[in-house]
Amino acid sequence: MFVFLVVSALAGALVAGLALPLAGLAGVTTAKAHDTVQYLPQDLKTEPLAQKTIIQAADGTTIATLYQENRTPVTLKQISPVMLQAIVAIEDDRFYQHGALDAKGTLRAMLRNQSSGGVQQGGSSITQQYVKLTLINKARTPEEVKAATAETYERKIAELRYAIAVEKQYSKDEILNRYLNLAFFGDRSYGIDAAAMHYFGVHAAKLTLPQAAMLAGLVKNPTGYNPIDHAGRAKERRDVVLRRMQELNVITAKQAQDAIKTPVINPAKVINVPSGCANSRYPFYCDYVVAQLKDNPAFGKTPEDAENYIETAGLVIRTSLDPKIQAAAESSIKKHSKPSDQAVAAITMVEPGTGLVKAMAQSRSYGSKKGQTSYNYNVEKSYAGGYGGFQNGSTMKAFTIAAAIGKGVPLTYRINSPQTLPLSGKKFSTCTGVTSDDDYTPKNSTKTIADPSMIDAARASTNTYFLQLSEQIGLCPIATIASKLGMYDAQTMKPLEQVVSFTLGSVGYITPLMLSNAYATFAARGMYCKPQIVTSISNKGKPVPTPGPNCHRALSPTVADGVNYVLNKVMEPGGTGGKLKFGKSDLGGKTGTINNNFAVWFAGYSSKLAAASVVADANPPYKDLIGQTLNGEKMRDASGSGTAGPIWETAMQLALHGLPSSKFVQPDDKTIRGNVKDLPYLKGMTPVDATAKLLSMGFKAAISPTPVDSDAPAGTVASTTPRQEDGAPEGATVTLVLSNGSKAPPTVPTPPITPPPPGTPPTIKPPPGFPTCPPWDPRYPKCGRGGR
């Protein structure tokens, strides 16, 4: 009777909103309980429910799910009526009859607790349970979580006060809906819809009677009644719910018996929703997406804040990944490499004109086991998972070609290109001055003709040609174009270093993403687009402002057309990419090999798709690829065309399959011929005179240190680079090649002159206009006295 009076007083005081005179109720509460109620706010502030975020491919298929709580909120109409009946029957069968406090339930609980000497039964209404779950959901610190879950009368009193406010603010249906969306159903499933999908593979609207009863029974002890781990206990609990529903005449006895006979769960229909990129089909791509989002200040002031927002906001993030093109990239990697290889292989594929990153694949799988990695070999080191690239070798020559064309250098421009070129101490102009290398004697890795044109040199990847070309036009124009096309050091995020060997790729570390996107600019006729990973974001169906394509003109169409023309010739028979050509579309490409074969590249494109593939040693200290395993076999050779090229070829061929063929726009005649001035004829002139002549015409002059065989006199000009007949751009450096005189015609010795005998009349040469043989003058030779 005493406890009953206490409960009645408690209920009356709470309903009235008054402070409780409970200080004298020894053993039931304390002065703290009085203060708890006295100073509680009148309403319960709720936090947005944590919802799972979905990352999608371009076609809407799910790439990954990110969450702290796997939850998909639904409306009351999206929940099966039998589910509503089941939860009310087992948790609070008088829910629609009582107010915030169910006096009978509380009395029953307090009687049992009194007899046991502690808090053993809650007797909470659904509204009170909703309040408790809300307070737990709002807790951000361990202390707040402990306070929200403490089994004390003070907490129960606080819940009651909040429950009164909730009942005033929401209808019973709204409270029930909120409760079912907030409740935990075990196995990382929060809310009724996520639970229904997880355990039964259906949405909450499709739940059957036995399914609903199982879930209703689960909320009391989500771990102990988990049907996956404890099927027997789960069935017992489910059946308790069914019998209670029968007792309340919610269902018939037959319905209850039929439901009791059904299995509690079908393991084959259980759907797990793993969280995080590690569980994604495309873990490296997913990781990169999340990294980009975490760098977005709109999602949080710090990466940690952004990560929390992403995992709780219920976003739908659409990405640029194309499953078909991604499958092509993965198939190529799988065909040409193995996860267990010593060397790594990677490829990125980008759409020209949009910057959409369509695919990203690599040979080593995601993980921490032996042979696995968490490094993404396709991207920069600005986030934890990025490897940060490799030196990219002669793929840099494409930027030299672009800069040369922009300077008016013809595609037919010839430079004498010896197999070895002494450049020690040679000064190259940069954007800030000059640079040089005290000890640098580069050589060609392929055979080439003596004086190749730009096209010839690109096809054979002639190092000595492009080094001389870069010296003539300067490093600044080349570095500027590379920067405009998104090239920078992927390790340091700083501009590429302007060094003498810039055109050969000794400039920093480059990623496949960076290089494929730069080459996509050529394919798009000079339109550069920043790589785009995320295409749209929505939050609860409403679009979130997201940067769209970020494109601008980086090269004139005529310059890009010229580059495409040259790199297309690389793909023709005899070029370094000739064996990689396929189909009817125009293709452009360039090989790349770095010193000591630490990495080999192939970058190429059609007008529809660009890609860059790399095979490299990714285990410092780096070693020569030759002798390392690739595709399970030791490499006997390593080259851009023969090692990285096949990965590019297979991926591109599969990705472009079924698409119409495409052609590049042909460059105009001026681009091919260039903007050149005539060169003077200098053969046979002394170096001093030839230099003066060139300077007077606006050219610069240099003298080759190595004389050549020539028919010009030794020490005079034998030829020039470029050739006199090809001309040169205004201001270009013309190299004077001197003759060693080895082919000069021999000097014919003059025979000695024998003086005539004494008394011989001198021979007289007739003056102009006179007869050759006057008949009477014996001084004229070969003339007789008989006339002509």
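Visitor: Does Phe582 count as buried or exposed?
Guide: The model is predicted. Phe582 has 12% relative accessibility. The cut-off for burial is under 20%, so Phe582 counts as buried.

Visitor: Which residue forms an aromatic pair with Phe582, and how is the pair classed?
Guide: A pair of aromatic rings is described by the distance of the centres and the angle of the planes. Here the centres lie 6.2 Å apart. The planes make 55°. Stacked needs under 30 degrees and edge-to-face over 60, so the pair with Trp648 is tilted.

Visitor: How many residues apart are Phe582 and Trp648?
Guide: Phe582 sits in the loop between α21 (557–570) and β12 (588–593). Trp648 belongs to helix α22 (residues 640–656). The pair thus links distant parts of the chain, and the separation is 66 residues.

Visitor: Is Trp648 buried or exposed?
Guide: Burial requires under 20% relative accessible area. Trp648 has 0% relative accessibility, so Trp648 counts as buried.

Visitor: How many aromatic pairs does a search of the whole structure find?
Guide: Ring pairs link Phe399, Tyr519, Phe522, Tyr605 and Phe664 into a cluster. The search of the whole structure gives a total of 19 aromatic pairs.

Visitor: How are α20 and α21 oriented to each other?
Guide: The axes of α20 (residues 512–523) and α21 come within 8 Å. They cross at roughly 105°. The range 65 to 115 degrees sets the class, so α20 and α21 are roughly perpendicular.

Visitor: How many charged residues are in the contact of α20 with α21?
Guide: On α20, the contact uses Tyr519, Phe522 and Ala523. On α21, the partners are Ala560, Val563, Asn564 and Leu567. By class there are six nonpolar residues, one polar and no charged.

Visitor: What is the orientation of α3 and α11 to each other?
Guide: The axes of α3 (residues 81–91) and α11 (residues 231–247) come within 9 Å. The crossing angle is roughly 95°. α3 and α11 are therefore roughly perpendicular.

Visitor: How many charged residues does the contact of α3 with α11 have?
Guide: α3 brings Val82, Gln85, Ala86, Ala89, Ile90 and Glu91. α11 brings Arg237, Val240, Val241, Arg244 and Met245. The classes are seven nonpolar, one polar and, for the charged residues, three.

Visitor: Over which ring does the charged end of Lys677 sit?
Guide: A charge over a ring must be within 6 Å of the ring centre. Lys172 lies over the face of Phe95, at 4.4 Å from the ring centre. For Lys677, the distance is 5.4 Å, and the ring is that of Phe699.

Note on methods: Residues are numbered from 1 along each chain as its sequence is written. This is a predicted model: local features need pLDDT of at least 70, side-chain atom pairs count only at pLDDT 80 or more; totals for chains, interfaces and linings use all residues. Side-chain values use heavy atoms; hydrogens and water are left out. Axes are lines fitted to C-alpha atoms, for helices over the stretch in contact, and angles run from 0 to 180 degrees between N-to-C directions. Helices (H or I, at least four residues) and strands (E, at least two) are DSSP runs, numbered from the N terminus. Angles under 35 degrees count as roughly parallel, over 145 as roughly antiparallel, 65 to 115 as roughly perpendicular and the rest as oblique. Contact means heavy atoms within 4.5 Å. Ala, Val, Leu, Ile, Met, Phe, Trp, Tyr, Cys and Pro count as nonpolar, Asp, Glu, Lys and Arg as charged, and the others, Gly among them, as polar. Rings of Phe, Tyr and Trp (its six-membered ring) pair if their centres lie within 6.5 Å; planes under 30 degrees apart count as stacked, over 60 as edge-to-face and the rest as tilted. Buried means under 20% relative accessible area, exposed over 50%, partly exposed in between (1.4 Å probe, protein chains only). A charge sits over a ring if NZ of Lys or CZ of Arg is within 6 Å of the ring centre and within 35 degrees of the ring normal.
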